[in-house]
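Reader: I would like to go through this model term by term. Please set each value against its cut-off before you conclude anything.

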Amino acid sequence: MSVLYVPDGLDGERVDTAAARMTGLTRSRVGELIGEGLVLLAGVPVSKASTRVRGGQLLDVDLSEPVRMARVTPAVVEGMRIVHDDADIVVVEKPAGVAAHPSLGWQGPDVVSGLAGAGFRISTSGAQERQGIVHRLDVGTSGLMVVAKSEHAYTVLKQAFRDRTVDKIYLAVVQGHLDPLRGTVDAPIGRHPGSEWKFAVTSGGRPSITHYETVEMMRHASLLKVHLETGRTHQIRVHLSALHHPCVGDPLYGADPKMSAQLGLDRQWLHAAVLGFVHPGSGERVEFRSEPPADLAGALSVLREQ
């Protein structure tokens, strides 16, 4: 049996379709394996090929062919802007709807393929599909990412993120008003015990620290400046949800879908606005800034007028 995690990009797909994309088997072959009881989802044998999968679930498949790995395919990524480029690093402004790197099941654009399509040569360190990637942003989060071009930069930046010497500041709009207006959330994050495709504050999770400060209060929402010490998956979204103030536009973590619809948002109001670190080549401290894109700026304007 081969144990695989269902990627977020396949959330909601039929199990035969998801298994085919993840393993390289044909859908008909997957159907045969299902009939033989050789496909398990979350530890339970799949009885119907039409069963829907969820991101993060465990999928066990009896493979008769090698697993197909995600590949980097050079492509143009619309809306991705180069903020800085030198011999060691490239800093990009990632749009929402773009992944950090290719992954099994994800059919959309990604930063690594976009850089390859633009002619950039990046570090060969890291897994094949994640070469040069030293940190990531959620698909639905826009903002700044740094990618290593040299092997030296990859090593130095990976260590800097591990040592928490990188300044990562986000802007977030949340429902309601936080009390106190500024504070720190120090709470471990792990997989949600009742939903395998979500994360939550759990006693057995990894240490996670988020600092927040209220920048502006509106009638129904607040604009926050958020500083991350750690970089767990969905960290800001999980911590703010745990405070009962989810990011606007983030129904996965408790946001009001009616508010999202009124604001025209189809993703969380979260933007990586500031990225600062010691440059791996020069040794100088550098800092890059990014303004929220049009969809977030428009939603914020509507909230200010309410």
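Reader: Where is the place of Arg52?

Author: Arg52 is in the loop between strand 3 (44-45) and strand 4 (58-61). Helices (H or I, at least four residues) and strands (E, at least two) are DSSP runs, numbered from the N terminus. This is a predicted model, in which local features need pLDDT of at least 70 and side-chain atom pairs count only at pLDDT 80 or more, while totals for chains, interfaces and linings use all residues. Residues are numbered from 1 along each chain as its sequence is written, and side-chain values use heavy atoms, with hydrogens and water left out.

Reader: What is Arg52 in contact with, leaving aside its neighbours within four places in sequence?

Author: Contact means heavy atoms within 4.5 Å. With those neighbours left aside, Arg52 is in contact with Gly12, Glu13, Arg14, Leu41 and Gln57. The side chain of Arg52 also reaches the backbone oxygen of Gly12 at 3.3 Å. A polar contact is a pair of N or O atoms within 3.5 Å; within protein, one must be able to donate a hydrogen and the other to accept it, and residues adjacent in sequence count only if both atoms are side-chain atoms.

Reader: What makes the protein chain as compact as a globular protein of its length?

Author: The secondary structure comes to 7 helices and 15 strands. The radius of gyration of the chain is 20 Å, close to the 19 Å that the globule rule gives for 306 residues, so the chain is as compact as a globular protein of that length. That radius is taken over C-alpha atoms, and the rule is 2.2 Å times the number of residues to the power 0.38. Along the principal axes, the C-alpha atoms fill a box of roughly 60 × 45 × 35 Å. Among contacts between residues at least 6 apart in sequence, 64% join residues at least 24 apart.

Reader: Why is Glu93 called buried?

Author: Buried means under 20% relative accessible area, exposed over 50%, and partly exposed in between (1.4 Å probe, protein chains only). Glu93 has a relative accessible area of 16%, so Glu93 is buried. Glu93 lies in strand 6 (residues 89-94), and its side chain makes a polar contact of 2.3 Å with the side chain of Ser290. Not counting residues up to four places away in sequence, Glu93 touches Gly79, Met80, Arg81, Val83, Gly143, Ser290 and Glu291.

Reader: Why does Ser150 count as buried?

Author: The relative accessibility of Ser150 is 16%, so Ser150 counts as buried. Ser150 lies in the loop between strand 7 (142-148) and helix 4 (151-162). A polar contact of 2.8 Å joins its side chain to that of Asp88, and the side chain of Ser150 reaches the backbone nitrogen of Ala153 at 3.0 Å. Leaving aside neighbours within four places in sequence, the contacts of Ser150 are with Ala87, Asp88 and Ser123.

Reader: Why does His239 count as buried?

Author: His239 has 1% relative accessibility, so His239 counts as buried. His239 lies in helix 5, and its side chain reaches the backbone oxygen of Ala187 at 2.9 Å. With neighbours within four places in sequence left aside, its contacts include Val185, Ala187 and Ile189.

Reader: How do you know that helix 1 is mostly covered?

Author: In helix 1 (residues 15-23), 8 of its 9 residues are buried. Val15, Asp16 and Thr17 are among them. Over the protein chain, buried residues make up 48% of the 306 residues.

Reader: Is His234 buried or exposed?

Author: His234 has a relative accessible area of 7%, so His234 is buried. Phi of His234 is near 65°, a positive value in a residue other than glycine. His234 is found in the loop between strand 13 (221-228) and helix 5 (235-242).

Reader: Is the peptide bond from Asp179 to Pro180 cis or trans?

Author: That bond, from Asp179 to Pro180, is cis, with omega near 10°. Pro180 is in the loop between strand 8 (167-175) and strand 9 (182-186).
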